[in-house]
Amino acid sequence: MGTGRLSVCATPIGNLGDVTLRVLETLAGADAVLAEDTRVTAKLFARHGIATPLEAYHAHNLERRTPALVERIASGAHLALVSDAGTPGVSDPGAHLVEALAAAGLEVEVLPGPSAIITALVASGLPTHAFYFGGFLPRKAGERSRRLADLATLDATLLFYESPRRAASTAAALAEAFPGRRACMARELTKVHEEVVRAPVDDLAADLAGRESLKGEVVLLVGPPARGSRAEVDAHAVRARLGELMEAGASRSAAVRAVAEERGVPRNEVYRIAHVDPPSGEGREGGGRD
Ligand code: SAM
């Protein structure tokens with residue numbers, strides 16, 4: 001291809017064999033490869049016999065370097081981008097450059113491959129019908145608790161990246177926010193010391209609290225709330241909202257429909273809540289307009 005472009009290349013999250021043929025061909029054929037840490041990428045290059053020039057592109061120079069990189073691609077250069085592990089742009093440098101190139105109308109291609117998110121999700125054995133990736137949680141306890149509280153009713157498996165130093169305290173925060181749920185710690189995935197612990201979140205927190213130290217890369221996961229408990233958790237809020245809508249003149253079925261839609265709760269759950277403990281002003285056997 002004669003025109004300039006950026007090839008965003010996913011690289012291994014541990015095992016150097018986990019790289020696609022297309023990524024290897026692209027890295028070998030590019031004019032230069034932008035790397036988060038050139039020493040890390042040099043090992044991958046050595047393993048696969050690649051000699052393309054490496055340039056540093058990381059959190060500390062990306063703002064400064066991006067305009068010149070956009071210029072080079074606009075002038076016809078083919079650059080490739082890699083991070084230390086996995087897919088660039090996901091909790092790694094990359095999104096900024098992709099955004100700048102997209103704004104300039106230049107070509108970006110993404111070559112898929114390893115990512116710790118998908119690898120951990122599948123290894124966990126937790127539901128995969130929906131998942132929420134929360135990146136790295138805030139370090140301050142208050143902020144972290146608020147972030148977790150916002151996720152309490154989400155019908156999805158939750159995934160968080162974490163450093164080994166903070167894994168135990170984050171697991172404790174997860175146990176406090178989501179007691180009784182299934183959970184998992186996926187550590188050192190694809191590496192020699194790979195470890196996948198699947199346990200109730202309270203047990204996982206106790207396990208990590210009891211370890212002297214933890215090494216390596218960690219993903220923490222928590223399963224979705226048990227079926228039906230989403231509505232139970234929020235029963236009070238559901239009742240209050242039903243009351244509000246019915247006071248404003250909505251029929252009970254219209255209010256139930258609206259609340260189910262607003263809160264993402266199954267309609268029969270909202271009916272159950274309305275019936276078991278109806279909103280104030282309404283008798284158990286009716287009173288609202290249906
Ligand atoms: N862009 C990468 C990706 O697509 O997976 C993620 C980069 S982020 C800076 C690094 C975090 O990813 C680590 O702190 C850890 O949470 C997770 N991670 C990366 N490699 C891992 C591995 N082999 N096992 C478990 N977690 C890993």
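**Exercise 1.** How many Å from a nitrogen atom of the ligand does a backbone N or O atom of Val90 lie?

*Solution.* The model is predicted: local features need pLDDT of at least 70, side-chain atom pairs count only at pLDDT 80 or more, and totals for chains, interfaces and linings use all residues. Residues are numbered from 1 along each chain as its sequence is written, and side-chain values use heavy atoms, without hydrogens and water. For Val90, the separation is 2.9 Å. A backbone N or O atom of Ala85 lies 3.3 Å from a nitrogen atom of the ligand. At Ala116, a polar backbone atom is 2.7 Å from an oxygen atom of the ligand.

**Exercise 2.** What percentage of the ligand's area does the protein bury?

*Solution.* Taken alone, the ligand exposes 570 Å² (accessible area by the Shrake-Rupley method with a 1.4 Å probe). The protein buries 91% of that area. The ligand is surrounded by 19 residues (each with a heavy atom within 4 Å of it). Ile13 and Asp92 are among the closest.

**Exercise 3.** Describe the contact between domain 1 and domain 2.

*Solution.* First, the domain assignment gives domain 1 as 5-114 and domain 2 as 117-222. Their C-alpha centres lie 29 Å apart. Next, six residues from domain 1 and nine residues from domain 2 take part in the contact (heavy atoms within 4.5 Å). The buried area is about 520 Å² (the accessible area, with a 1.4 Å probe, that two parts lose on being put together, summed over both). Carbon and sulfur atoms give 63% of this area. Finally, Ile13, Val90 and Ser91 lose the most area in domain 1, together 70% of what that side buries.

Conventions
Domains from an automatic or database assignment. Polar contact = N/O pair within 3.5 Å; in protein donor to acceptor, adjacent residues only side chain to side chain.
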